[in-house]
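These are my notebook entries on one structure. I list what I looked up and what I found.

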Number of protein chains: 2
Amino acid sequence: MPSPTNEFDPGLHLHNDHDTASCPFCRIAAIYGPYDPADPPAADSVALNPEASAPNPATFLVLSTPLLIAFLDIMPLSTGHVLLCPREHRPKLTDVTAAESLELGSYLRVLSAAVARATGVRDWNVVQNNGAAAAQVVPHMHFHIIPRPELRDKRSERFTATMFGRGQREDLDEEEAAPLAERIREAVAELLHSEAENKPKL
Amino acid sequence: MPSPTNEFDPGLHLHNDHDTASCPFCRIAAIYGPYDPADPPAADSVALNPEASAPNPATFLVLSTPLLIAFLDIMPLSTGHVLLCPREHRPKLTDVTAAESLELGSYLRVLSAAVARATGVRDWNVVQNNGAAAAQVVPHMHFHIIPRPELRDKRSERFTATMFGRGQREDLDEEEAAPLAERIREAVAELLHSEAENKPKL
């Protein structure tokens, strides 16, 4: 991260001079190859083995394309909390390529629908933080998709407080995570199929 | 909004049975036509007249394409707080079309860089709320781009609290808004030009 006294270039640019080994999201991208989101591997496939990211926390993939990867947040704010990011290391949204930005827009919509279908929760937030002042924790650009079940007031307040990294978050329950990730992958495939069927034939 | 007891369909679908007159963002889209983002009209152009949305609050456009429109938030959380939405009425992110989702992804990146360039603030949040439980206020899908200057602790806390609609927000200063919107439109144009120049020629 540049220090506040460095010259600031707010253009669209790429940071590629990065040590992948130090970034948890680059590690995940390096371990898990792309698959066809319309035809995901079986849940017990080696390609999806949650433990392949050891000694880092288990990874529950929900999407993996040549450009993007998405997985369950390891400290979810709610059940179904998903992160979507480019495979390549891009610190901020302005560092993604034009092609990545298009696919991010496309899959934010599809994953939102898939998470809603998998969780049954109809309200959700999409949040993407750039830089320390904006509460970005992992400096590899990621969108949060966070289901918002109707909460009683006390829990709702805690929820808002923790949305930007303050307050208590609990570790992902790995027994719940595996079937949840499978449902989200299946919902993505279903949605892509139903969209392809509805497309006017040329 | 469907009540919690209604059947819930979390697929990708469109809500078009909507009374445009009751939606402030539909009103803005109806009043302001598209322009070429790489060659925006002059600041004093009739096409950009902030008062054209009267008796609703003045509108400071920063982007207007056939599919999307973006403008300064009328109760900004910080200077440069921008909203980006489809012209058509789409209640949630899952209601936008595939084409809209691609262009949203593209312009989230370009507008983020333009807002950073216009404000000089290098950190920012992107937030998009779906449904009442997620603190969505205007039920016409919109992304917030919110610069996050380094704030002293007290202001920073208030900032986080107001991010989801709680706490005090101040009205847009219209004298500051006009030149700010112009700078953002110009930065969008500059960024689009510099990207076009860097593209490999086919």
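Entry 1, terms for strands. I take helices (H or I, at least four residues) and strands (E, at least two) as DSSP runs, numbered from the N terminus. I call two strands paired if DSSP finds at least two bridges between them. The model is predicted, so to speak of local features I need pLDDT of at least 70, and side-chain atom pairs count only at pLDDT 80 or more, while totals for chains, interfaces and linings use all residues. Residues are numbered from 1 along each chain as its sequence is written, chains are lettered from A and ligands numbered from 1 in the order in which they are written, and side-chain values use heavy atoms, with hydrogens and water left out.

Entry 2, a hairpin in chain A. I looked up strand S1 (residues 61–64) and strand S2 (residues 68–72) of chain A; they run antiparallel and are joined by three bridges. The hairpin passes from S1(A) to S2(A) through three residues. Opposite Leu61(A) I found Phe71(A) in S2(A).

In general, two copies of a chain are related by a rotation about an axis and a shift along it.

I count a contact when heavy atoms lie within 4.5 Å. On that rule 51 residues of chain A are in contact with 51 residues of chain B. Buried area is the accessible area (1.4 Å probe) that two parts lose on being put together, summed over both. Between chain A and chain B I read about 4,300 Å², with carbon and sulfur atoms giving 62%.

I noted 18 residue pairs in polar contact between chain A and chain B, both residues at pLDDT 80 or more. Among the elements of chain A that give two or more residues to the side touching chain B are helix H2 (98–119) and helix H4 (174–198). H2(A) gives the most, with twelve residues.

S4(A) and strand S4 (residues 124–130) of chain B run antiparallel and are joined by seven bridges. The bridge partner of Val126(A) in S4(B) is Gln128(B).

The rule asks for a side-chain nitrogen of Lys or Arg within 4 Å of a carboxyl oxygen of Asp or Glu. In one salt bridge the side chains of Lys92(A) and Asp123(B) meet at 2.9 Å, N to O.

A cis peptide bond joins Ala54(A) and Pro55(A), with omega about 5°. Pro55(A) sits in the loop between helix H1 (24–31) and S1 of chain A. Ala135(A) is not a glycine, yet has a positive phi of about 70°.

Terms used:
A polar contact is a pair of N or O atoms within 3.5 Å; within protein, one must be able to donate a hydrogen and the other to accept it, and residues adjacent in sequence count only if both atoms are side-chain atoms.
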